[in-house]
Amino acid sequence: MHVFEEYNELILIPSFKGIKGVAVKTIMYCEAYGNYTKIYQSDSSFTTNLSLKHVEQILPKKFFFRCHKSYIMNFMFFSELHIAEDVIHLENKALVKLSKHKKREFVAELNSFVTENNAKLTKGH
């Protein structure tokens, strides 16, 4: 299995217009809006009537992290962590909040993600 094969998968997410097919690799982050979730992709965004908790269950855990009660971010779009400000910068200059009590877990998961994927890429998978 190619290291990013799962990343190329298409998932189905209900939208207010019906059902939307979304490539996992295009999802940068998700933000809770009450009982709804706004999903930000690399080139657009849309809102689903699913809660953030439900969206979290759909997304592959190896790429996504629940960094705050209102945010899920995609490790592949990670750019920078500002620890003092509790903010994660993504490649598109988007900012997502990092919960104070999730800092240690986030850093550990990020390190694990980078180490695992660098090892797979080095092996030529």
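I began with the side chain of R66, which makes a polar contact with the side chain of E56 at 2.9 Å; a polar contact is a pair of N or O atoms within 3.5 Å, of which, within protein, one must be able to donate a hydrogen and the other to accept it, and residues adjacent in sequence count only if both atoms are side-chain atoms. The model is predicted, so I note that local features need pLDDT of at least 70 and side-chain atom pairs pLDDT 80 or more, while totals for chains, interfaces and linings use all residues. Residues are numbered from 1 along each chain as its sequence is written, and side-chain values use heavy atoms, without hydrogens and water.

Is R66 buried or exposed? R66 counts as buried because its relative accessibility is 18%, the cut-off for buried being under 20% and for exposed over 50%, with a 1.4 Å probe and protein chains only.

I then placed R66 in strand 6, where a strand is a DSSP run of E of at least two residues, numbered from the N terminus. Five strands form an open antiparallel sheet in the order 5-4-3-7-6, and its edge strands are strand 5 (45–48) and strand 6 (64–68), each pairing on one side only. Two strands pair if DSSP finds at least two bridges between them; strand 4 (residues 36–41) and strand 5 pair in the antiparallel sense over four bridges, and Y40 stands opposite S45 in strand 5.

Lastly I looked up I19, which lies in strand 2 (residues 18–23) and counts as exposed because its relative accessibility is 67%.
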